[in-house]
Number of protein chains: 2
Amino acid sequence: MAAEIAEQPAVIARLVARSSDIAAAVAAVRPDPLRGFVLVARGSSDHAAVYGRYVLEYATGVPVALAAPSLQTRYGVVPRLDGFLAIGVSQSGRTPEVAATMEVLQAGGARTIGLCNDVGSPLAEACEVVVPLGAGPERAVPATKTFTATLAAFALLAQALGDRSTGDWPRLVDALAVAVDDDTGARTAAALLVGAQRLLQVGRAFLYPVALEAGLKITETTGVATNGYSPHDLRHGPIAVADAGVHAVCFSSPGPVAADVERAAADLTARGARVVAVAERGGDVPAASALIAVPSGTDELLAPLVHSVRAQQLALHLAQARGVDPDRPFGLTKVTATE
Amino acid sequence: MAAEIAEQPAVIARLVARSSDIAAAVAAVRPDPLRGFVLVARGSSDHAAVYGRYVLEYATGVPVALAAPSLQTRYGVVPRLDGFLAIGVSQSGRTPEVAATMEVLQAGGARTIGLCNDVGSPLAEACEVVVPLGAGPERAVPATKTFTATLAAFALLAQALGDRSTGDWPRLVDALAVAVDDDTGARTAAALLVGAQRLLQVGRAFLYPVALEAGLKITETTGVATNGYSPHDLRHGPIAVADAGVHAVCFSSPGPVAADVERAAADLTARGARVVAVAERGGDVPAASALIAVPSGTDELLAPLVHSVRAQQLALHLAQARGVDPDRPFGLTKVTATE
């Protein structure tokens, strides 16, 4: 897991270098007019799809739905999808229900794109266009480089299909390099959080999927039950669990939703919870008692990749601090063959 | 909370009695062709919207997206929604971001329907058509009758807009009456689960939103961190938290996904977790060590209302067993004014 975390600047740089190839491939299946997207994924890939949901709607201004695969695989619903682009995501490309769902969506009229790390996989075969993540073999059970590569692929798709730039890619690659070179902040925070029995992750908009993924990653590597929330969903009930026994990790980037996360952190602290911020500066989340710093100046739409690296480092150090092998925790296997 | 749980057969019967009025109102805003739906909600209403997502796509065969309100309220994205129906849901109608998001979706070309319990609310004013839930005042903080009324409203909308019947409504009302009259199963299960520090809820397809809502309800009324999963998402990682310290509540109805839930319960039990089933018969989830029985014979699409009543009874008895006032837990307030 540690080695694969370290590969991320190179993985993302290689993907960015292929951005014009990706744009050309996608142009070939873009419906005209483009009416909407349907995204299909499970697990970590589903969290990446939540990021895709934000970045695609932001860039293209058309609605994005996350598929409910059971409707296609169990109830035989073939939705009417003329004008829709369906995007299936699977690191291995071997989750049978993702490939099966893509086939039904195509039968319903959608054009199809597959994002996966194995171009010979069933998902790749089920789709008209494949965007290879090119992350190389991922051996640790917790997805790391394939997760950030999927985020990058979604941002590149959004750039190719929409009319808004997603940001400065070379600057992102530099920030990733800085992040993987120094994990002191995550190591220190892990020491602070190691005894936590209840742990929340908070992020909004482009950082909401990072909060979801951080929760899954920490659960996978430590066995501790944890959960990602947007600040707004947190206030609609789950804030009830926050007291002195709760620790929270709050992800924040400068931008229109920073104040929402700042306020959630203050509410949690007021209830006695201990808050760790993942942010550019401690002052961005004043209520936090510790900071995992991210390099400053990354564009808001691309910053989730850097925050994801910090979340992975935190999960890794939490696992080690709890005596769990982060590469192969709890008998989980790499390909989850849900049908 | 107990009194409001008991009102549900009458609330649903009143709503069903208005089904032809609802169908007529909805026909007036149905785009032709209907290309898709966007649903807008938070908290319990968002879980009801997940049910809406399944039942609307099942009945109409067009894609359903759940909105990400921050794109509209913080980033100024006005999506292109010609041919889309947007449905906003808020029990009080006073969650400002839900009304604000609906206004932006309408500006983008969507036709708009509001589901709410207060027809004089900002949400009702923001929408072209209002479907009043007619549940009467809801005083307890945890939503109960407005939640099941919202499920019923979505099923009635699906019936009006699609070409598949959602099921036998009088039979549902009878099942709800049986369920509210006898909460012995929930009381017994609460005694079994009272010491749980980690609790999972599992449901698939039409019962997935019930698992999500059961998790929120139990968190709200007991302060115990809990989480709803589909069996498939559970296997993509969170299964790691399951051991002898974990308790799980598995929701099952006869139908195409019953075997998925049965297998998840078996996997959890094999890891040492204790499983309570909410199902027609204990044999439906053989791995369960306790059963909260639901009346048999309710159609699969409507059964989630009966399962929701069982989840509410469980949350109520868990709160009482832990010495929490279920009507006003942990300083939560009834209207959550997220902007």
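**Stop 1: a threonine and its neighbours**

Select T150(A) and show what surrounds it: leaving aside residues up to four places away in sequence, T150(A) touches A48(A), V89(A), L115(A) and L133(A). Before going on, keep in mind that this is a predicted model. Now colour helix α8 of chain A, residues 145–161, and you will find T150(A) within it. Is T150(A) buried or exposed? Its relative accessibility is 4%, so T150(A) counts as buried, the cut-off for buried being under 20%.

**Stop 2: a glutamine in a loop**

Next, pick Q197(A). Look for it in the loop of chain A that runs between α10 (184–193) and β6 (198–202). Here the relative accessibility is 55%, so Q197(A) counts as exposed. Even so, Q197(A) has contacts: not counting residues up to four places away in sequence, it touches V224(A), A225(A) and R322(A).

**Stop 3: an enclosed helix**

Stay in chain A and select residues 208–222, which form helix α11. This helix has 15 residues and spans 21 Å from first C-alpha to last, close to the 21 Å expected at 1.5 Å a residue. How many residues of α11(A) are buried? The count is 15 of the 15, so α11(A) is largely enclosed by the rest of the structure. Step just past the end of α11(A) to G223(A), where phi is positive at about 80°.

In the loop between β6 and α11 of chain A, click on A205(A). A205(A) is not a glycine, yet its phi is positive, about 55°. With a relative accessible area of 1%, A205(A) is buried. Then jump to chain B and select A205(B), in the loop between β6 (198–202) and α11 (208–222). A205(B) also has a positive phi of about 55° without being a glycine, and its relative accessible area of 1% makes it buried.

**Stop 4: cis peptide bonds**

Zoom in on D32(A) and P33(A): the peptide bond joining them is cis, with omega about 0°. P33(A) sits in the loop between α3 (19–27) and β1 (36–40) of chain A. In chain B, look at the bond from D32(B) to P33(B), which is cis with omega near 0°. P33(B) lies in the loop between α3 and β1 (36–40) of chain B.

**Stop 5: two helix pairs in chain B**

Show α3 (residues 19–27) and α8 (residues 145–161) of chain B; their axes come within 9 Å and cross at roughly 60°. At that angle, α3(B) and α8(B) are therefore oblique to each other.

For the last pair, show α2 (residues 8–17) and α9 (residues 169–181) of chain B, which pack at about 165° with axes 8 Å apart. How do they run? α2(B) and α9(B) are roughly antiparallel to each other, and α2(B) passes α9(B) in a right-handed crossing. The contact includes I12(B) and V16(B) from α2(B) and W169(B) and L176(B) from α9(B). By type, the residues of this contact divide into ten nonpolar, one polar and no charged.

Methods
Residues numbered from 1 in each chain as written. Chains lettered and ligands numbered in written order. Predicted model: local features only at pLDDT ≥ 70, side-chain atom pairs only at ≥ 80, totals over all residues. Heavy atoms only, no water. Axes fitted to C-alpha atoms, helices over the stretch in contact; angles between N-to-C directions. Helix = DSSP H or I, 4+ residues; strand = E, 2+ residues; numbered from the N terminus. Parallel < 35°, antiparallel > 145°, perpendicular 65-115°, else oblique. Expected span 1.5 Å × (residues − 1). Buried < 20%, exposed > 50% of the residue type's maximum accessible area, 1.4 Å probe, protein only. Contact = heavy atoms within 4.5 Å. Left-handed = near helix turned anticlockwise from the far one by under 90°. Nonpolar A, V, L, I, M, F, W, Y, C, P; charged D, E, K, R; others polar.
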